[in-house]
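Dear colleague,

Here is the structure that I wanted to pass on to you, and my notes on it follow below. Please read them with the model open beside you.

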Amino acid sequence: MNKQDGQILQPTIASREVTTHILKAFGLHMSKKLGQNFLIDASVVRGIVAAAEVQPGDRVLEIGPGIGTLTQGLAEAGATVKAVELDKKLPAVLKETLAAYQNVEIIPGDILKVNIPEIMGPGPFKVAANLPYYITTPILMTLLERHLPITHLVTMVQKEVAERMTAQPGSRIYGALSVAVQYYTEPEIVLNVPPRSFIPAPEVDSVVIACRVRETPAVTVRDEKLFFRVVKAAFGQRRKTLANALRGGGFPKEQVRDAMSAAGIDLLRRGETLSLAEFGHLADAFAAL
Ligand code: SAM
């Protein structure tokens, strides 16, 4: 530690040495089940903080702080951080590793179960995370579907998941996740992160994806629930035509024919060729029947 402007500078947790030291000092064993791969690359922490455009006074929700690696970067940028951690062993560790930061609160719990509006209070906030990969999609969908006042959602995800999030119609990997993410946000891959940036090194490549949440969804639909029912059905059976997939998803044959015709969508099209706007027209056509 060294001193600057009368302040004690904290050692940066995002390094192999400091992380290994903390793990040893607390006798921690990483849990594969909880998706624990801790960041040891300070440039990646800086990249996440920069992509979230964190300013002093910003309110940030962090998912899974681990031993406080990203939390430290967010706190040093001046954010007020609320960090939700499922591993019961970690809050005691975080109390020590982040002792210098008054602007951090650790909330023990499961991000899929905690009451986020109650934790974050009113007003806009940002989300930053190095997500546990085993539940990436449920976490993203939970955050997006609830129309929380999130402005930026910047997370580390498996590269292959980020590619699905940003995929365009016609691509082999375009699916329900692409539509949902692009309906609510403008996603952009901002950083490639190799396995060596973590302890332990994951078996997959990772990226940081920055999703700027749209003020209003990309398409205006009459019934959002119905829109997502149509999308889910359309991608439910990828090898079938859209008409057959919709029927397989529980929409009656006549309704499928009428809605597709009203929306101007050829009966032989496949779900993965539809743009967000076309899914919107189709859902509205079902709503109008
Ligand atoms: N943020 C740290 C970092 O960047 O080094 C740790 C990231 S690690 C990939 C994922 C973290 O999420 C772990 O600390 C894990 O215990 C936590 N976690 C796993 N499932 C969770 C859940 N359902 N709710 C909250 N945290 C969870």
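What volume does the largest cavity have? The largest cavity has a volume of about 320 Å³. A cavity here is a set of points, on a 1 Å grid over the protein atoms alone, where a 1.4 Å probe fits but cannot get out, and lining residues have an atom within 4 Å of a point; grid points are joined across faces, edges and corners, and a volume is the space filled by probe spheres set on the points.

Before the rest, please note that this is a predicted model, in which local features need pLDDT of at least 70 and side-chain atom pairs count only at pLDDT 80 or more, while totals for chains, interfaces and linings use all residues. Residues are numbered from 1 along each chain as its sequence is written, and side-chain values use heavy atoms, with hydrogens and water left out.

The lining of the largest cavity comprises 25 residues, and Ile-63, Gly-64, Glu-85, Asn-130 and Pro-132 are the ones that lie nearest its centre. At least two lining residues each come from strand S3 (38-39), strand S4 (59-63), helix H3 (69-76) and strand S5 (80-85), where helices (H or I, at least four residues) and strands (E, at least two) are DSSP runs numbered from the N terminus.

Strand S7 is largely enclosed by the rest of the structure, because six of its six residues are buried, meaning under 20% relative accessible area with a 1.4 Å probe and protein chains only. On one side of S7 the buried residues are Phe-125, Val-127 and Ala-129, and on the other they are Lys-126, Ala-128 and Asn-130. S7 pairs with S4 in the parallel sense over four bridges, with Leu-61 opposite Val-127, and five bridges join S7 to S8, also in parallel, where Leu-153 is the bridge partner of Val-127. S8 (residues 150-158) in turn pairs with S11 (residues 206-213) in the antiparallel sense over seven bridges, and Thr-155 stands opposite Ile-209 there.

With best regards

How values were computed:
Pairing = 2+ DSSP bridges. 1 Å grid on protein atoms, 1.4 Å probe; cavity = no way out; pocket = protein on both sides within 12 Å on 5 of 7 lines; lining within 4 Å. Buried < 20%, exposed > 50% of the residue type's maximum accessible area, 1.4 Å probe, protein only.
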